[in-house]
Every structure is written in structure tokens, then in C-alpha cells.
Amino acid sequence: MKVIENTVTDERKGAMFSMFEQMDALHPQEPHWHLPLIGVDPAHQGKGIGSALLSHILDVCDGQNVLAYLEATSPLNVRLYERHGFEAVGSIQAADSPRIIPMLRKPTPMS
């Protein structure tokens with residue numbers, strides 16, 4: 001918080017803190033894996049790499065019988081996450097910020 005207070009302009013702080021409050025309100029309280037950053041080099045997108053990364057960690061979540069949670073920052077990502085069983089649980093936006101879509105996936109029973 002200190003870094004934000006010292007580096008973000010006063011006129012942007014309200015929006016930033018609003019984003020954090022919205023994120024906190026939608027973040028699951030039960031045990032879960034939070035997947036904060038998943039990325040693929042743009043030159044290699046569309047080749048199944050993102051799906052492979054997700055499949056691996058989702059197998060871990062399923063094995064532990066816990067939720068998976070993430071915040072999608074792009075409409076293209078939302079479609080990818082939906083194909084892997086995630087569902088939107090809200091929308092986060094403040095001022096002129098990009099819209100963030102928090103998404104949750106319930107564990108799939110292992111067979």
C-alpha cells in the first residue's frame with residue numbers, strides 16, 4: 001500500500017483503491033488456487049500453450065478438490081477460461097480502467 005500511496009497520483013488513487021475493494025469483494029473465501037498470472041508470448045498464442053498451462057494446474061486443483069480463481073483482463077481470455085470450466089462471477093471497473101472479469105471454476109471429480 002505504501003508503494004501505491006507514494007507513486008500513484010492523488011487523482012488516480014480513488015479509482016485504484018476502488019478496484020482493490022471490488023476485487024476483494026469477489027475473491028472467494030473458501031480454499032482455492034488463485035491463478036494471478038498466466039501468459040503466452042503473443043507470437044505463440046493460438047497454439048494450445050495456454051490451454052496446456054491451464055490443464056496442468058486445473059488437474060492439481062481437481063486432485064485437491066479445490067476451486068480455481070482468476071481475474072480475466074481480456075475478452076479473448078474469458079473465452080479460453082470458459083472452455084476450461086470457469087464462470088464469470090462479476091465485473092470490476094473503476095473510472096477509465098480496463099474491465100476485469102473475476103472467474104471461478106469448481107473442481108471436477110477425478111475419475
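## Helix H3

Helix H3 spans residues 49–64, 16 residues in total. From first C-alpha to last it reaches 23 Å, close to the 22 Å expected at 1.5 Å a residue. That expected span is 1.5 Å times one less than the number of residues. Helices are DSSP runs of H or I with at least four residues, strands runs of E with at least two, numbered from the N terminus.

This is a predicted model: local features need pLDDT of at least 70, side-chain atom pairs count only at pLDDT 80 or more, and totals for chains, interfaces and linings use all residues. Residues are numbered from 1 along each chain as its sequence is written, and side-chain values use heavy atoms, without hydrogens and water.

The buried residues of H3 are Gly 50, Leu 54, Ile 57, Leu 58, Cys 61 and Asp 62. Seen down the axis of H3, they fall within an arc of 150°, so they line one face of the helix. Buried means under 20% relative accessible area, exposed over 50%, partly exposed in between (1.4 Å probe, protein chains only). The arc is taken from the directions from the helix axis to the C-beta atoms.

His 56 and Gly 63 are exposed on the other side of H3. Just after H3, Asn 65 takes a positive phi of about 55°.
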